[in-house]
Amino acid sequence: AAQKRRHQIPTTGRLLPTGRVRDRVHVASLGREVEVSIVDVGTICVFIRAEDLGLTGAELPGAFDPRHFAAAEEIRQAAAASCGLQSAGAKSITPFQIVVGPPRDHAALTGPVKAGEIDFVARQLNGDGWVHKAFSGGASTCTAVAAQIAGTSSTSAARSTPRRAACESATRAGCCRSTRRSNPLAAKAPAGSCEKCTSRAPCGD
């Protein structure tokens, strides 16, 4: 019997696919260039400053409109092309689009979050017009690592004295023991909240 092939998410094999911590891409729908960071760990992601899309990065899924998704998709396609990846087509979903912003008080799906509890906020968008309620595993790992690379969009959005790793999401992406153990680069991240952040206690790893 023929075996069913699994679709593998492409990788460049390089932490910084373009060799730079930041790149500039032209976004026609915005009429200007924006600065992004492309990082390839876990699953390749492109990190976009929320302010460039007119966002804070702390919005709930229903607050995004077609303009945001269109601009993010343009950025994804440009980032893919700059890395030598397929930029269009039904199977072209990477780099994942991660919108990042400075820490702020906001309402998450799990309840209220205080700016002092986090280093920055982030949301994972998808080109077909929806937002993850929580980060995917690959994006969680990539976001945790990107947060440790000086000069990326993630670190520029973060507080000057980080107290927790990566971003605020329903799972506090990249902070938990499982992510830190599964990826050597992510393991360099400072201890954050425990898995699913139900107690917001340090991991202790």
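This note walks through a predicted model point by point, from its strands and its helix to its side-chain contacts.

1. **How to read the model.** Because the model is predicted, local features need pLDDT of at least 70 and side-chain atom pairs count only at pLDDT 80 or more, while totals for chains, interfaces and linings use all residues. Residues are numbered from 1 along each chain as its sequence is written, and side-chain values use heavy atoms, with hydrogens and water left out.

2. **Strand 4, an enclosed strand.** Start with strand 4, residues 96–101. Strands here are DSSP runs of E with at least two residues, helices are runs of H or I with at least four residues, and both are numbered from the N terminus. Six of the six residues in strand 4 are buried, so the strand is largely enclosed by the rest of the structure. Buried means under 20% relative accessible area, exposed means over 50%, and partly exposed lies in between (1.4 Å probe, protein chains only). F96, I98 and V100 point one way from the strand, Q97, V99 and G101 point the other way, and all are buried.

3. **The neighbours of strand 4.** Which strands pair with strand 4? Strand 3 (residues 43–49) pairs with it in the parallel sense over five bridges, and strand 7 (residues 121–126) is joined to it by five bridges and runs antiparallel. Two strands count as paired if DSSP finds at least two bridges between them. You can follow I98 to both sides: I98 is the bridge partner of F47, and Q124 in strand 7 is the bridge partner of I98.

4. **Helix 1.** Next, look at helix 1, residues 66–82. Helix 1 has 17 residues and reaches 24 Å from its first C-alpha to its last, close to the 24 Å expected at 1.5 Å a residue. The expected span is 1.5 Å times one less than the number of residues. Its buried residues are H68, F69, A71, A72, E73, I75, R76, A79 and A80. These buried residues pack against strand 1, strand 2, strand 3, strand 4, strand 7 and strand 8 (130–131), where contact means heavy atoms within 4.5 Å. Just after helix 1, G84 takes a positive phi of about 80°.

5. **A salt bridge within the helix.** The side chains of E73 and R76 meet in a salt bridge, 2.9 Å from N to O. A salt bridge is a side-chain nitrogen of Lys or Arg within 4 Å of a carboxyl oxygen of Asp or Glu. E73 and R76 are three residues apart in helix 1, so they are separated by about one helical turn. An α-helix has 3.6 residues a turn, so residues three or four places apart point the same way. E73 counts as buried at 16% relative accessibility, and R76 is buried at 1%.

6. **Other salt bridges.** How many salt bridges are there by this rule? The count comes to nine. One of them joins R20 and D23 at 2.5 Å, N to O; R20 is partly exposed with a relative accessible area of 45%, whereas D23 is buried at 8%. In another, E35 meets R22, with the closest N and O atoms 2.9 Å apart. This pair links distant parts of the chain, with E35 in strand 2 (residues 32–41) and R22 in the segment before strand 1 (23–27), 13 residues apart. E35 is buried at 17%, while R22 is partly exposed at 28%. Both belong to a network of salt bridges that links R22, R24, R32, E33, E35, R49 and D52.

7. **Aromatic rings.** A search of the whole structure finds one aromatic pair. F64 and F69 form this pair, which is tilted, with 6.2 Å centre to centre and 40° between the planes. Rings of Phe, Tyr and Trp (its six-membered ring) pair if their centres lie within 6.5 Å; planes under 30 degrees apart count as stacked, over 60 as edge-to-face and the rest as tilted. F64 and F69 are buried.

8. **Cysteines.** The structure holds zero disulfides, a disulfide being a pair of cysteine sulfur atoms within 2.5 Å.
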